[in-house]
Amino acid sequence: MTTITLNGQTHEVPEGMTVLEAARRARIDIPTLCHHEALGSYGACRVCVVEAEGPAQRRGLAAACTLPVSDGLMVMTDSPAVVQTRKVIFELLLGRSPDSESLRTMAKRYGVDFTRFGEGAQHDLCVRCGLCVRTCKEKIGTAAISFAGRGQSRSVTTEFGALSELCIGCGSCAAVCPTGMIRVEDAAGERAIVRQDLMIARFALLTCTSCRAPVVTQKFLDQRLQTLPEGQAEVLCLDCKRQRTAATAESFPNIWS
Amino acid sequence: MNKLVIADPGRCIGCRTCELACALAHSAPDALTTLSPASFIPRLKVVKTATVSTPVQCRQCDDAPCVAVCPTGTLVMGDHSVQVIPSRCIGCKSCMIACRFGVIEVLPCEMNLSDRQPFGTTHVEAVKCDLCESRGAGPACVEVCPTKALYIVDSVVLAQAALKRREHSAAMLVIGGSDGYMSHTGG
């Protein structure tokens, strides 16, 4: 165990933890955009900035998500420097994505409702947190989307901006996206994975073998469920599965009592 | 062996009290007044067909396909049940497709400020029966069912059920001859 101080309070936390994890465990609020517990630390968005000082850490600002705890570390999550820096970071993010509802709500929570930046710049919803890219590559094992370009032209895209042949249509990118830049659009038996202005991939959905409702993509079945025993990955919608479960339920008087 | 909640369809009258109790047990304490269609998320569903009405819920499979396919360790084998660590969910829905019983769902969930960070963690999560693990009194559905159709089944209850079936089969052999083999399923 490691002893650290969070906003003046002493905490015992396991070694190897990050300051962010330690703070959340202590119910201390630190905002994050690029952090997800399923993925490793990334340190892209910087809104989790804290002030830290310790025997092994020179006093200064650091991203809580990438800063490991160490004995004697003193962390301030709401010092004037942190509050001010966080505000500027939110302003910079808003300069890029002024139309993101979730980013605006979040920024407002930390006292930012306007931005001095971004005039004349290209605006979109993407805050370049990389959650979609990392989820696709590290967890789904697909890497259908990736970052391309540098600086201001850095963006999440498919290979050459064309329809992705690698995408399996799981929609995890959309699920982890904190700003709604990527969406899954299911309509008329088809699924489209869309990045605001770019079609990432399009699929015909397999239909439920019982009721014909659209269920899942073929590529998803092939890749995500290949570990299941043969015959277990079936194309049946939730309702029909439940109906089957109910139909096979046995009523044997007082069997469980 | 894992524990599970199971229903006796012979006793179920389809009133859905279990669904309400489940949704409330997994909501904020003031949910009774604030519950909306969007936040009404029961982890068991009453299914009604022409012949049967019964709640269906997670079987807490010992060799759980949902746990096997989850790429992020969101679904984990806990003490006697399959549990969800919602903050790890990336919404890939592998578990939904893998589950044979249709009792795990990936849903957009409202941020619950009391037990989760407000932003940047997760908006979508796997939802399933957790046997009301954080509830001292055990599964809420079992407690509220007006006809006592829901039961908590552990290895002891399961062994007793097997014994009852065996005794029944033996009795049917004596009384009903060979017909007895199949007739027990009708109740």
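How many positive and negative side chains does chain A have, and how far apart do the centres of the two sets lie? Chain A has 29 positive and 27 negative side chains, with the two centres 3 Å apart. Lys and Arg count as positive and Asp and Glu as negative, while His and the chain ends are not counted; each charge is placed at NZ of Lys, CZ of Arg, CG of Asp or CD of Glu.

This is a predicted model, in which local features need pLDDT of at least 70, side-chain atom pairs count only at pLDDT 80 or more, and totals for chains, interfaces and linings use all residues. Residues are numbered from 1 along each chain as its sequence is written, chains are lettered from A and ligands numbered from 1 in the order in which they are written, and side-chain values use heavy atoms, leaving out hydrogens and water.

The C-alpha trace of chain A spans about 65 × 60 × 30 Å along its principal axes. Of the 257 residues, 50% count as buried, that is, under 20% relative accessible area with a 1.4 Å probe and protein chains only (exposed is over 50%, partly exposed in between).

One aromatic pair is present over all chains. F90(A) and Y110(A) form this pair, which is stacked, at 5.7 Å centre to centre and 15° between the planes. Rings of Phe, Tyr and Trp (its six-membered ring) pair if their centres lie within 6.5 Å; planes under 30 degrees apart are stacked, over 60 edge-to-face and the rest tilted.

| Residue | State | Relative accessible area |
|---|---|---|
| F90(A) | buried | 0% |
| Y110(A) | buried | 15% |
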